Every structure is written in C-alpha cells, then in structure tokens.
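Dear colleague,

I am handing over the structure that we spoke about, and below it you will find what turned up when I went through it. Please read the notes with the model open beside you.

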Amino acid sequence: MADRASTGTNVPRNRFEFAHRPETDQSFENALSKARDGTRLSVADAIALLTTGTERAGIDRERKEQVLEAADRRRAEVVGEEVTVVANLNNNVTTACNTGCLFCNFKDRSEQFLIESDSDHGGFTKTPEQSREIVASALERGIYEVTSVSGLHPAFALDGEHREILESSDRGDLNYKSPSRYETDPGTYCQQIDAMDVGGVHVHSMTPEEAAHARRGTDWDYEEVYQRLAEAGLDSVPGTAAEILVDEVRGVICPGKIDTQGWLDAIEAAAAVGLDTTATMMYGHVENEAHRALHLQRVRELQDRTGAITEFVPLSFVHRNTPLHERGMVDRGASTDEDELLIAVSRLFLDNVEHIQSSWVKYGDAQGLKMLTCGADDFMGTILSEEITKRAGGDFGEYRSFSEYVEMIESIGRIPVERSTDYRQRRRIEGPPYGPVLGPNADGTPLV
Ligand SMILES: C[S@@+](CC[C@H](N)C(=O)[O-])C[C@H]1O[C@@H](n2cnc3c(N)ncnc32)[C@H](O)[C@@H]1O
Ligand SMILES: Nc1c(NC[C@H](O)[C@H](O)[C@H](O)CO)[nH]c(=O)[nH]c1=O
Ligand SMILES: N[C@@H](Cc1ccc(O)cc1)C(=O)O
Ligand code: SF4
C-alpha cells in the first residue's frame, strides 16, 4: 500500500527497450523551487516534475498539486485571466494515406480509393471545388480560420511543376500515382490552399509531414515548399506530426514518418518564409517521462531560434481504435494525473511560448476546463467538424458554440476572449448573442 496518496501512471514501462529512461538525480523539491522562481528548467527538472519525483513509483497527489499551482500562477503572470477561443472550421481533404502510423485511425489505405477498387473504405477525398464550398459557407457563418490536415494521398503533388516531376519519374519509391486513377482527384496542395483561401479566411494547413510529401522526388528544400504554399494563400502551419520528437519513439509509433530533425527543419523553414506555426506533442502511448521532457526541450530550442510558435498544443493519445491498442502495444492513454502534469510542466518549461492550449476534443469539457487552471490559457476553437479523434474512438463531440464557451469559461471565473489564429487580434466576447466578430463576415450572429 502506498504510504501517501499516489496514483498510477499509464506509462508502459518495461515493454519497450528505450535508451532514454525517466531517471534523474534532480530532486523534486529542487525542480519545484526552480519552477516557482522562474529559473529556466532543465530536462532533469522536467522529469522530476512530470514524475513527481523519480524515487518512488506513481504520481504523488500532493506534489502534483504543487506543480499545478506553480503552473497556474505562471499562467496568470504571463497571460492573465483571459481564456481565448477561435472561430474555426476543420476541413480535412482526404483520409487516403499509406504512411501507417500506429497511433492513427484517421487513415484509409489509398488502394481503396482507386477507380477499380470495389471495397468500401468509409473515408473521403474532396476536390478543391468542394473544399472551397465548405469553407465559403462556414465563412458566411462567421468563422475566420480553416484548419486543414490530411492523409498523404499518393496523387498529391505540390503544384503543376511537382506533378510533372512525379509523372516523369521512373523511381518506384515515391508513393505517387496519377490522379486520373482515383475516383476523386484531390488536385495539388497549392490548388487546395488556393481554393480554401476565400474571403480573407486564415488558412492553417500543411504539417511538416505533408510538406515532406509535397517535396518528394525533388531537390527542393522545405523553404521552397512553404514559399510556394504561402504564395498560394497559406497563412500558418499546424505543428502536428510532431508526436514525440525523439527518434527511438518515432521508430515504434510512426516509422514511416520524417524524423525529429526533419520535423524541426520543416518548422524552421516555415518560420523563415514568414509563416507562424504551432507546436504539438502527442503523448500517452509508448513513451516515458524522459521522452516528454526531451520533446519539450526541442520545442523550446526551436522557439529560441524562430520565435514563430504561437501556441503549444498537448494532444493526449486517444487509444481505443488504433493499431497500437489493437496489437496490444498499449493498454490505454495517459491518466488524468499525467494529463494535468503535462499541461503544467509545458507551461513551466516553455518559458518562450506564450500560449498553452487545452484541447476539449481530447479532454472533454469538464477536464478541458480543469486544464485552464493547470497552466493552459487557450480553449481551442469551434471546429464545426472533427474526424481524427472521432475515428480513434474519442467521444467529446465535434463542435463548441461561443455561448457554450462563454458559459464554461465564466463558470471558472475567467474572461472569454475571441482571438485571431495568430493572437494579434483579441476581443472580449460580450452578448448575448455570443457570436464571433473578428472575421470578415462575422457580425456576432451565433454559430450554430
Ligand atoms: C492525423 S494527422 C493528419 C496530418 C498528416 N497526415 C500528418 O500526419 O501530419 C494529424 C495529427 O493527428 C494526431 N493524431 C492522430 N491520431 C491520433 C490519436 N489516436 N490520438 C491523438 N492524436 C492523434 C497526430 O498528432 C497527427 O500528427
Ligand atoms: N484545431 C484544433 C484541433 N482540431 C482537431 C484536429 O483536427 C484533430 O482532430 C485532432 O486534434 C488531432 O489530434 N484540435 C486540437 O486539439 N486543437 C486545435 O486547435
Ligand atoms: N490547432 C492546433 C492543433 C491541431 C491539432 C491537430 C490538428 O489536426 C490540427 C490542429 C495546431 O495548429 O497545431
Ligand atoms: S498520422 Fe498522418 S501520416 Fe500518419 S497515418 Fe495518420 S494521416 Fe497518415
């Protein structure tokens, strides 16, 4: 029996032979006092805080509360009492993807999308025209950001020039097939971005993994790719595909993806051509606290170099329908204690990233609100539709209205604020009616 109130972590220790282990001689007390007085934390400090001390198993509840309190205080000093939300739409273009990430159930095997296939994949591909219609009608309703992330459809090319290179290549390793072979032609990445760039909407799209797909078979660097996308209408880049930025973990959960350095290079390139980015961490699967701490360090160093990261978004792994779970490699995602500590330590460690997001898609409404008292200050967006978490087995819904947001945020004594994607425009949400006003067509009419 534990001598103090302690709870388990869901880290699958001893199942994987990782070189990085959550071992540190840094004491919890020392790490906590550094966190409290604002000294820049080391990886060892982060491990001590995430584990509430490595000298015993499980999470010590009293210590956890101390970490959460320190993070909440830091949040108040850095950003005050405002909680931001964004009026946005998710428009994912296609689920066709053969990358085979073991944590993902968003993807469908691309062969099923070929004209000759008669299997029912249950997924989708949208043409640029369909994307434009979806964004245009959401824009009428008052949204001002579209977030678009997609499977790596073999028919995707960056633009016409890239299409010609891919068509004339005799390399068999490029994961390319002509669009004419598919039931639906997704067009090029630039055509999709251009199509979604309607009426002044902010286009947030093209993860580092998608950017890698958009340069396959060429000698273009990431800057070239993001430059062309920016010219097509791209405004900022989602820092997903980060997963855990430690290669020994990527080798287990997403061996087909770009490596840690590739992800960092892509984000630096986006920043170099003037695009804002976000950064994420998908945690709660095979990795341990040392990997989480190393990931935070890589994000902090990246931000020291670029200053382009507007927010950090922890994404708690949704395990239910994923290969990792189905193959018995993980039993479940992170525990609530781990979720809370991850938000808090992100706030304390990332002293150069102003905003930490609480994702209600991942945590649900009640726990999502709780995260706003553990160091987070942004409460995501309205999104209007959601496929990735839903397909993985999450059940927290696909939409939050501004009136729901106001009720939730005020219930914890905080101030609801509408923000632009880049946080440069902010407006306190007043009403009723509670609708967005920052967008080109937003006039305060509720988004329902
Ligand atoms: C589904 S991908 C789509 C974009 C693109 N294919 C890529 O990998 O960058 C976007 C992100 O969703 C997140 N994701 C996927 N499956 C998830 C799951 N089961 N739980 C939590 N996050 C997940 C991962 O962080 C992933 O990078
Ligand atoms: N826009 C945000 C989303 N959108 C939902 C994602 O498309 C996706 O379903 C999921 O989050 C991938 O893991 N999700 C966030 O957590 N934060 C956002 O800002
Ligand atoms: N909006 C956040 C989080 C996000 C997470 C998952 C997504 O699929 C998309 C976005 C970002 O820009 O990174
Ligand atoms: S995470 Fe992205 S790249 Fe990996 S399988 Fe899913 S859709 Fe494909």
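The crossing of α11 and α13 is right-handed, a crossing being right-handed if the near helix is turned clockwise from the far one by less than a right angle, and left-handed if anticlockwise. Helix α11 covers residues 289-306 and helix α13 residues 336-349, and the two pack at an angle of about 30 degrees with their axes 11 Å apart. That makes α11 roughly parallel to α13, where angles under 35 degrees count as roughly parallel, over 145 as roughly antiparallel, 65 to 115 as roughly perpendicular and the rest as oblique. Helices here are DSSP runs of H or I with at least four residues, strands are runs of E with at least two, and both are numbered from the N terminus. The axes are lines fitted to C-alpha atoms, for helices over the stretch in contact, and angles run from 0 to 180 degrees between N-to-C directions.

This is a predicted model, in which local features need pLDDT of at least 70 and side-chain atom pairs count only at pLDDT 80 or more, while totals for chains, interfaces and linings use all residues. Residues are numbered from 1 along each chain as its sequence is written, chains are lettered from A and ligands numbered from 1 in the order in which they are written, and side-chain values use heavy atoms, with hydrogens and water left out.

Helix α11 also packs against helix α10 (residues 260-272), at an angle of about 25 degrees and with the axes 10 Å apart. That makes α10 roughly parallel to α11, and their crossing is right-handed. Elsewhere, the axes of helix α4 (residues 128-140) and helix α6 (residues 189-196) come within 8 Å and cross at roughly 25 degrees. That makes α4 roughly parallel to α6, and α4 passes α6 in a right-handed crossing.

T52, a residue other than glycine, has a positive phi near 50 degrees, and its place is in the loop between α2 (43-50) and β2 (59-60).

With kind regards
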